[in-house]
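I am opening a notebook on this structure, and I will write down what I look up as I go. Please keep the sequence and the model at hand while reading.

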Amino acid sequence: MASVSRTPVSDDEWTHLEFEISALFDGAPIDEEDLFAGRSTEVRRILETVLSRSKHVVLFGERGVGKTSLSNIFWKRFNKTLRSFVVARVQAGPQDKFSSLWTRALEELNAAGIAAGKAEYVNFEFGYETITPSQVRRELQKCGANALPIIIIDEYNEVKDSETKRLTANLIKEFYDFSITTTVIIVGVAENISELIEDHASIGRAIVQIPLNRMSSSELKEIIQKRISRTVMEFTADAVWTIVSLSRGLPYFTQTLSKHAALHAITDRRTKITNDDVEASMAKFIEDAEKGFQESYRIATRSNQENFFEQSLLACALAKTDDEGFFTANDVVEPYSAILKEKKRIAHFDKHLRRFSSDEGGNILKKRGGDRQQTFRFSDPMMQPYVIIRGIQSKMIDDTAKGVLLQKEQKE
Ligand SMILES: Nc1ncnc2c1ncn2[C@@H]1O[C@H](COP(=O)(O)OP(=O)(O)OP(=O)(O)O)[C@@H](O)[C@H]1O
Ligand SMILES: [Mg+2]
């Protein structure tokens with residue numbers, strides 16, 4: 001679709017712009033290099049691993065931080081100079097067994113080679129009913145010497161069968177021992193590698209762990225700028241700032257809020273997107289939010305008495321976190337005091353934290369560490385911006401507190 005290069009005049013042109021915005025900020029995993037923002041360190045580390053013989057990658061992180069997008073993109077960045085990549089992507093599922101997973105991988109790799117006009121690189125058999133690690137390894141040894149085959153297994157956390165995981169680890173070990181040119185990239189939601197790979201110690205040397213953290217403010221800004229600059233629209237600096245600070249490092253929110261804000265400006269026949277449009281996008285966001293969010297929120301905060309669960313949950317969502325999204329009780333003191341407009345201490349909300357990280361509170365938070373240094377994070381990272389936006393919507397934080405609390409995050 002050709003982009004509209006001047007302020008639309010007719011209704012048709014405005015509609016065209018509306019489509020353009022919806023397509024650009026669609027929230028799907030990215031597979032176009034130009035729209036991919038930041039992540040240069042991770043891209044480099046994956047490429048280094050792929051190019052070093054017989055090392056493999058485990059890419060893991062919270063839900064929605066951009067794992068699939070990164071694995072879609074990293075090889076495209078240098079594909080013009082490194083021509084021999086052949087990339088197969090397999091989505092793992094709860095039903096998968098070793099044979100189903102790896103016959104699919106071979107099939108995909110073969111198809112990818114043929115589609116790239118490199119059939120001679122992928123000259124192996126793949127029609128197996130059942131397959132063993134050694135058979136997979138022998139087939140991949142038949143790959144052309146100049147080929148750089150990559151097999152990406154996404155959503156590996158979905159695999160339930162532990163035998164499948166054990167055999168996959170054996171396979172990686174075998175690839176390593178035989179110096180196979182194929183690189184395996186295991187991708188999944190996990191806090192650490194042992195959640196994803198059974199017995200990972202035995203394949204330690206064969207594996208490069210790449211944790212993917214939340215995105216920085218400047219990376220999130222880049223997401224907005226890269227997209228909006230393809231249109232005639234523009235965000236005010238304020239609007240960008242609000243979206244970025246609400247997103248809590250999660251790119252999906254940046255896209256969704258930007259989209260709703262831009263569409264709101266369009267209904268008003270403006271090309272400049274302001275903070276008011278972002279405010280309006282919050283309402284839309286809450287309206288559209290999955291039922292699951294509303295339900296988890298209700299369980300966490302329900303109570304017969306006035307005991308400020310909603311306020312303390314909001315304070316948790318606003319607390320300063322480390323790169324992995326963890327915060328301590330101490331980090332909650334400041335936002336909680338700002339929300340209640342009164343100096344508060346940990347003792348005032350300690351019980352709330354315990355509630356939020358127990359069955360009673362629906363485990364909306366996840367607890368880590370012993371009694372001394374406990375840290376918390378939202379079990380579902382997506383819940384965090386939801387809680388903040390709800391708090392703003394229901395006026396739990398007034399404008400002054402909002403400025404202070406959101407600004408703080410921004411400065412870091
Ligand atoms: N580097 C990036 N630049 C711009 N947008 C990104 C980037 N990474 C991710 N996104 C956007 O963030 C959202 C989530 O990305 P993606 O689906 O890749 O995450 P994920 O970690 O694979 O999620 P899940 O854990 O649900 O599988 C998508 O809307 C995607 O467009
Ligand atoms: Mg994904």
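How many bridges pair β3 and β4, and in which sense, parallel or antiparallel? I find that β3 and β4 pair in the parallel sense over 4 bridges, where two strands count as paired if DSSP finds at least two bridges between them. Before going further I note that this is a predicted model, in which local features need pLDDT of at least 70 and side-chain atom pairs count only at pLDDT 80 or more, while totals for chains, interfaces and linings use all residues. Residues are numbered from 1 along each chain as its sequence is written, and chains are lettered from A and ligands numbered from 1 in the order in which they are written.

Entry on the whole protein.
I looked up the secondary structure and found 17 helices and 9 strands, both being DSSP runs numbered from the N terminus (helices are H or I with at least four residues, strands are E with at least two). The radius of gyration, taken over C-alpha atoms, is 24 Å, close to the 22 Å of the globule rule for 412 residues, so the protein is as compact as a globular protein of that length; the rule itself is 2.2 Å times the number of residues to the power 0.38. Along the principal axes, the C-alpha atoms fill a box of roughly 70 × 60 × 35 Å.
I also noted that 42% of the 412 residues count as buried, a residue being buried if 20 or more other C-beta atoms, placed from the backbone, lie within 10 Å of its own.

Entry on the domains.
An automatic or database domain assignment divides the protein into domain 1 (11-29 + 216-288), domain 2 (39-212) and domain 3 (291-411). Taken over C-alpha atoms, the centres of domain 2 and domain 3 are separated by 38 Å.

Entry on the strands.
I began with β1 (residues 56-61), where 6 of the 6 residues are buried, so the strand is largely enclosed by the rest of the structure. Both of its faces are covered, with H56, V58 and F60 buried on one side and V57, L59 and G61 buried on the other.
β1 runs parallel to β5 (residues 207-212), to which 6 bridges join it, and G61 stands opposite L212 in β5. β1 also pairs in the parallel sense with β4 (residues 183-189), over 5 bridges, and there V58 has I186 as its bridge partner.
Returning to β3 (residues 148-154), I see that 6 of its 7 residues are buried.

Entry on a buried helix.
In α13 (residues 309-318), 8 of the 10 residues are buried, so this helix is largely enclosed by the rest of the structure; among them are L313, L314, A315 and C316.

Notes: A residue is buried if 20 or more other C-beta atoms lie within 10 Å of its own, exposed if 12 or fewer, and partly exposed in between; C-beta atoms are placed from the backbone.
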